[in-house]
Structures are given as structure tokens and as C-alpha cells.
Amino acid sequence: ISRTRRSGQPEPGLQPHAPAAMACAMSAAPPIRAALQADWAELGHIVGSAFAHDPVSNWTLGGSAAITTAFTALGRHIYLPRGLCHLAPGQGGTMWLGPGGSKDLALLPQLQLIPRLVRMSGIGVVSRALAVDAAMKRRRLAAPHYYLFAVGVLPSARGQGLARRLIGELLARADAEGLPAWLENSNPRNESLYRGLGFTPVETFEAAPGCPPLTTMQRAPHA
């Protein structure tokens with residue numbers, strides 16, 4: 001369920017002189033590093049928490065606790081061992097897959113995750129999750145590409161351009177390799193972020209009856 005939770009609007013008030021504001025923002029910019037397998041709990045907590053009010057995640061998984069549980073499991077068993085993830089410790093993170101990467105959860109992690117989600121959200125969570133995943137897979141770009149599953153920024157770190165910086169870490173690699181990037185956006189409020197990074201909408205669709213809309217977006221490599 002590839003989506004973004006990011007910054008809101010700045011609070012009203014007097015603004016500092018532009019060069020001084022830029023210098024402060026640069027000095028305060030949180031560091032970003034490649035996430036390690038040992039970061040699975042922190043990465044899952046950050047991204048899951050950031051998606052607490054995401055329309056599609058809530059419809060599919062049934063609440064913030066189940067969302068964080070699912071994102072933590074997916075990060076631990078799919079995106080960290082098979083993909084490329086970045087972390088701004090305590091603030092934000094991303095989960096990507098590289099060309100040819102599989103987002104299918106292995107059997108043992110499935111057997112561990114599904115009962116937990118059912119206890120939290122009821123048996124319907126299984127059919128909803130399967131329907132959303134299948135709808136996204138049918139639309140996935142066939143050519144080799146980088147796939148952004150999720151980017152999340154905690155409320156305390158929003159308004160600093162961190163989501164843009166986090167996504168940019170992997171887009172630089174995609175550009176260097178001449179490969180496109182792909183995502184599914186589940187929140188229309190985030191479309192401007194993606195457009196600003198060079199993504200363009202491909203298709204808006206309903207993954208299952210009653211599910212909020214998803215929009216697939218693609219970014220061609222930049223020279």
C-alpha cells in the first residue's frame with residue numbers, strides 16, 4: 001500500500017529573513033542514512049504511525065494499531081531484507097523495492113501476522129488486504145523500476161521537507177541507473193509532493209468496493 005504522510009502548512013506568524021531562515025533550516029536538517037535490518041522496529045513504528053490517518057490503510061487494516069503492526073512486519077520481512085530503506089532516526093523513513101523485487105510475504109511471517117490483524121480488526125481484514133494488494137499488483141509497471149511502497153514522517157518532524165529528502169535519496173540512484181520509479185498514492189493531499197519530485201499520475205482506481213481511491217504514479221529517470 002504505497003503512500004505518503006507528510007508535512008502540513010506552517011503556522012502563521014512573522015518569518016525570519018530568508019538567508020537566515022535557510023541557514024537555520026539547513027543546520028537543523030535531520031540526517032538520513034540507509035536503514036539496517038536491526039532498524040525494523042523503529043522504521044515500522046515511524047511509517048506505521050505516520051499512516052495512522054491514511055484513508056486506504058484505515059479502510060484496509062482497520063485502525064492505527066493494525067496499521068503499525070502490518071507496516072512493521074512488512075518492513076522487517078520484505079523491504080529491509082529485499083529492498084532499500086532510508087531512515088531519519090526518530091523522524092521519518094522510506095521503504096522501497098528495487099527492480100525485480102518481490103513484495104510477497106513469506107509463509108511463516110504471514111502465519112504470524114494474519115492472526116494478530118484478525119484479533120485487532122476482524123476476519124474481514126484478510127479479504128480487504130488481499131483485494132487491495134491484488135489490485136495494485138495488476139497495475140504495477142512491467143518494466144524494471146524502483147517501487148516506493150511507503151514514506152512516513154512523524155508529526156514532530158513535518159514542515160521541514162523531510163519527506164522530499166527521504167524520497168530523493170533513492171531517486172538519485174534510479175536516475176543514475178536510468179530507471180523509472182513507481183508508487184501508489186492513497187492520499188490526494190500528497191499528490192503535490194510527488195509531482196514536485198517528477199511523478200505524474202497514471203490511473204486512479206478503486207481497489208475494492210468501498211475502498212478509497214488509489215492513484216498510480218510514475219517518474220521517468222532524470223538526466
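Trainee: How do you know which parts of the model to trust?

Mentor: Look at pLDDT, the predictor's confidence in each residue, from 0 to 100. The protein's mean is 90, and 87% of its residues reach 70 or more. Over residues 4-27, though, pLDDT stays under 50. Where pLDDT is low, the predicted coordinates should not be read in detail.

Trainee: Why is Phe-71 called buried?

Mentor: Buried means under 20% relative accessible area, exposed means over 50%, and partly exposed is in between (1.4 Å probe, protein chains only). Phe-71 has a relative accessible area of 1%, so it is buried. Phe-149 comes out at 2%, so that residue counts as buried too.

Trainee: And why does Ala-52 count as buried?

Mentor: Its relative accessibility is 17%, and the limit is under 20%, so Ala-52 counts as buried. Ala-52 is found in the loop between α2 (40-50) and α3 (55-61). Helices (H or I, at least four residues) and strands (E, at least two) are DSSP runs, numbered from the N terminus.

Trainee: What does Ala-52 touch?

Mentor: Contact means heavy atoms within 4.5 Å. Not counting residues up to four places away in sequence, Ala-52 touches Asn-58, Ser-64 and Ile-67. The C-alpha atoms of Ala-52 and Ile-67 are separated by 6.8 Å.

Trainee: What makes two rings an aromatic pair?

Mentor: Rings of Phe, Tyr and Trp (its six-membered ring) pair if their centres lie within 6.5 Å; planes under 30 degrees apart count as stacked, over 60 as edge-to-face and the rest as tilted. The structure holds 4 such pairs. Phe-71 and Phe-149 are 5.4 Å apart centre to centre, with 35° between the planes, so the pair is tilted. Phe-71 sits in helix α4 (residues 64-82) and Phe-149 in strand β5 (residues 146-153), 78 residues apart.

Trainee: Then why is the pair of Tyr-79 and Phe-149 called stacked?

Mentor: Their centres are 4.5 Å apart and the planes are at 15°, which is under 30 degrees, so that pair is stacked. It also links distant parts of the chain, with Tyr-79 in helix α4 and Phe-149 in strand β5. Ring pairs link Phe-51, Phe-71, Tyr-79 and Phe-149 into a cluster.

Trainee: How do you know that Arg-76 lies over the face of Trp-40?

Mentor: A charge sits over a ring if NZ of Lys or CZ of Arg is within 6 Å of the ring centre and within 35 degrees of the ring normal. Arg-76 is at 3.9 Å from the ring centre of Trp-40 and lies over its face. Arg-140 lies over the face of Tyr-147, at 4.1 Å.

Trainee: What makes β5 mostly covered?

Mentor: In β5, 8 of its 8 residues are buried.

Trainee: How do you know that β4 and β5 pair?

Mentor: Two strands pair if DSSP finds at least two bridges between them. β4 and β5 have 6 bridges, so they pair, in the antiparallel sense. On the other hand, β5 and strand β6 (residues 181-185) run parallel, joined by 3 bridges.

Technical notes
Residues are numbered from 1 along each chain as its sequence is written. This is a predicted model: local features need pLDDT of at least 70, side-chain atom pairs count only at pLDDT 80 or more; totals for chains, interfaces and linings use all residues. Side-chain values use heavy atoms; hydrogens and water are left out.
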